[in-house]
Amino acid sequence: MSEQAEIGLVGLAVMGQNLALNIADHGYRIAVFNRTTATTHSFVGSEAAKGRPVLACETPDELVANLKRPRSIILMVKAGEPVDQQISALSPLLQEGDILIDGGNSHFRDTIRRDRELADKGLQFIGTGISGGEEGARNGPSIMPGGSEAAYDRVGGIFEAIAAQVDGEPCCTHIGADGAGHFVKTIHNGIEYADMQMIAEVYFIMKSLLGISHAEMADVFSAWNQGDLDSYLIEITADILGQTDEETGRPMLEVILDRAGQKGTGQWSTAAALELGIAAPTIAEAVFARNISAIKEERVAAAEVLKGPAETAFTGDKASIVDALRDALLASKICAYAQGFAVMQAAKEEFGWSTDLGRVSMIWRGGCIIRARFLNRIKEAYDRDPDLKNLLLDPYFKDFVERGQTAWRRIVAMAAERGIPVPALSSALSYYDAYRTGRVWADMIQAQRDYFGAHTFERVDKPGAFHRGWAGG
Ligand code: 6PG
């Protein structure tokens, strides 16, 4: 038998292949298995894998037989049923203490269930969020492993070696028990949705109201990428804006249909916020914005019927609006992160996870889709106050939003006046305003509930639950 491998990997789609190469590059011998044997052999025989310690296995038995004990196997298969299928195929072949790692975008409740089922069999399970797409998997992703500390101690070395490195620190940390890793990855994706939507709204205003060319917009985003907005998503936005369609010679975005799909993690993120009772309206709006984008034909038909305000050409100072857009984007982004972190805080309390939110912001600084300079500031905020209730309360973010709010309000008001949809930017502003309003409208809600359903209400001047005969009843 050839030398046994350090780790196994199942599922050789692009992410699986790239992760396997990344692991092999770091000197770990890796055994790989794919349901279609031809894929396994073409990958192991490929130029990319040549000369690397990658071992092809044709069956789950062969994979298991080729692993050092205790064994560790990463599953890189589609979330959902395929994960359960692979677990059912592999677990009877494994022995006490062996570890299965799910590196897909699984729902955290599935991960909690699988963790329990495998624990009953004496096996360990690490549900692991991996962010960064194909490029990240190959050159260093951000890795969010859940599961037990003991299991993490066994494979953490490999994870930390293959993760992106920022300031000499790996973008990988143990997130907490059972489903914590996949939960944090889900919230990462919720923030990703919000971030993308807010950028798209800003682009939309520049294009449709200010009439700025794609090339000029590319320059604006490139310039923003040198400042506080410095992030992967701003960088790729500039790149996208600068590209031309070879077939038509038109800017690339002009030939792309305005209809965005989704695989579900944004929805899960929103559902988690709803289940935990935490307001995350900007994340939710970003999901709804994709939903409304998806009904393209209906929108085109409605455009013929539903009229907005009369269109007037923009005559003001474009440069000052562009600056205001930058400030509005940053303030909105802070709100989206504040919402995501508030959801994670609630989840950690609900599920008893040990998640260190400051560490989460650290491992999102590199490798992942939402990587940004700004994440250092979030870490500093949690260093200042580990029990921070909301990022908006941290002095740095508080000042930032306060300074940017005039511009932010100007953009949202201008969009509303002109009938330009900005669901994420405006919901972020409403979130900020609601959060900073000591006495909101809910006195009326309480009264209405009590009026029609005798749900009772609380009073400001004494404790207890009260009911009033509102209609003289
Ligand atoms: C990542 C991404 C990735 C996600 C894609 C597509 O962190 O690498 O979040 O996991 O699958 O971004 O997601 P949607 O299809 O839902 O947009």
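What follows helix α1, and is its phi positive or negative? Hello everyone, let's keep that in mind while we look around this model, which is a predicted one.

I'll start with the whole chain. The protein chain contains 19 helices and nine strands. Its radius of gyration is 25 Å, close to the 23 Å that the globule rule gives for 473 residues, so the chain is as compact as a globular protein of that length.

Of the 473 residues, 50% count as buried. The chain exposes about 21,900 Å², and carbon and sulfur atoms supply 52% of that area. Take the contacts between residues at least 6 apart in sequence: 68% of them join residues at least 24 apart. As for charges, there are 47 positive and 63 negative ones, and their mean positions lie 3 Å apart.

Back to helix α1, then. This helix covers residues 14-25, twelve residues in total, and reaches 16 Å from its first C-alpha to its last, close to the 16 Å expected at 1.5 Å a residue. Its buried residues are Gly16, Asn18, Leu19, Ala20, Leu21, Asn22, Ile23 and Ala24. And here is what we were waiting for: α1 is followed by Gly27, and the phi of Gly27 is positive, near 85°.

Most residues other than glycine have a negative phi, and most peptide bonds are trans.

Asp178 is in the loop between β9 (169-170) and α8, and has a positive phi of about 25° although it is not a glycine. Thr456 comes in the segment after α19 (442-453); its phi is also positive, near 70°. Thr456 has a relative accessible area of 28%, so it counts as partly exposed. You'll find Pro70 in the loop between α3 (60-65) and β4 (72-75).

Leaving out residues up to four places away in sequence, His182 touches Asp102, Gly104, Ser106, Phe108, Thr111, Gly127, Thr128, Gly129 and Met144.

Conventions: Residues numbered from 1 in each chain as written. Predicted model: local features only at pLDDT ≥ 70, side-chain atom pairs only at ≥ 80, totals over all residues. Heavy atoms only, no water. Helix = DSSP H or I, 4+ residues; strand = E, 2+ residues; numbered from the N terminus. Expected span 1.5 Å × (residues − 1). Buried < 20%, exposed > 50% of the residue type's maximum accessible area, 1.4 Å probe, protein only. Rg over C-alpha atoms; globule rule 2.2 N^0.38 Å. Contact = heavy atoms within 4.5 Å. Areas by Shrake-Rupley, 256 points an atom, 1.4 Å probe, with all protein chains shown as cover. Lys, Arg positive; Asp, Glu negative; His and termini not counted. Charge placed at Lys NZ, Arg CZ, Asp CG, Glu CD.
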